[in-house]
Amino acid sequence: MAKAPRLKITVINLLCLVVLCRATESPQYEVVHAESDFEIRHYRDATWMSATVNELSFQKATLFGFHRLFQFIQGANLNYSRVAMTAPVVTSLVPGAGPLHSSAYVVRFYLPAKFQDSPPTPLPELNLKPYAWDSHHVAVRKFSGFATDDIVVKQAAKLATSLSLSPWANATSATHYAYSIAQYDPPFRFFGRTNEVWVDVDASRFAGKASF
């Protein structure tokens, strides 16, 4: 019965160590459209390392998924390679049943440029997989504070409302993920935190327009 609390504390301690590895790289993008409360970004092709977690809680899924990813970047791979910390860590919700309308999440870590073409192979017991995130457009809403279970649902709903009142109302893309939460800060930063909710959109019908 005491294992779960100890595991949570261990994961938080590991997350705190992230500050020792400065997040100097992030996936490249350009802003192609901006509104008062959201923007549309175009992200280039990129390789991420992903951890699938069967969990109803966004917070628990992020902790457990990042725990496995943290072991990977600390050298738990067949290459014994240390991988520099990047930002953000992205947790994507897989639609399903449950109070948060989810049965699983995928937690992703953006691989630094030196590993984009040849990611280290994770140890099998970590159950991680490289993920080729092809070039895509996302609608992004920023929010501060801590990304808790309740807050991420509310922020996703606010982005959906904003999109419904904009020219992008019918532009959301059908993907395997309802939305994603991008977190940029370690857990011990209490002020000035940066988070984002992402929703994939189809920008093809806006191509060539002046506002795009």
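Nine aromatic pairs are found in a search of the whole structure, where rings of Phe, Tyr and Trp (its six-membered ring) pair if their centres lie within 6.5 Å, with planes under 30 degrees apart counting as stacked, over 60 as edge-to-face and the rest as tilted. The model is predicted, with local features requiring pLDDT of at least 70, side-chain atom pairs counted only at pLDDT 80 or more, and totals for chains, interfaces and linings using all residues. Residues are numbered from 1 along each chain as its sequence is written, and side-chain values use heavy atoms, with hydrogens and water left out.

The ring centres of Trp48 and Tyr110 are 5.5 Å apart and the planes stand at 65 degrees, so this pair is edge-to-face. Distant parts of the chain are linked by the pair, as Trp48 belongs to strand S3 (residues 46-53) and Tyr110 to strand S5 (residues 102-110), 62 residues apart; helices (H or I, at least four residues) and strands (E, at least two) are DSSP runs numbered from the N terminus. Trp48 is buried at a relative accessible area of 2%, and Tyr110 is buried at 8%, where buried means under 20% relative accessible area, exposed over 50% and partly exposed in between (1.4 Å probe, protein chains only).

Trp133 is located in strand S6 (residues 128-133) and Trp198 in strand S9 (residues 195-201), so parts 65 residues apart in sequence are tied together. Trp133 is buried, with 7% relative accessible area, and Trp198 is buried at 2%. One aromatic cluster comprises Tyr29, Tyr43, Trp48, Tyr110, Tyr131, Trp133 and Trp198.

Charged side chains also lie over aromatic faces, the criterion being NZ of Lys or CZ of Arg within 6 Å of the ring centre and within 35 degrees of the ring normal. Arg108 lies over the face of Trp133 at 4.6 Å from the ring centre, and Arg193 over that of Phe146 at 4.2 Å.

Of the 16 residues of H2, 12 are buried, among them Phe58, Phe66, Phe70 and Phe72. At the N-terminal end, H2 is capped by Ser57, with a side-chain oxygen 3.3 Å from the backbone nitrogen of Gln59. Just after H2, Gly75 adopts a positive phi of about 120 degrees.

Terms used:
Polar contact = N/O pair within 3.5 Å; in protein donor to acceptor, adjacent residues only side chain to side chain.
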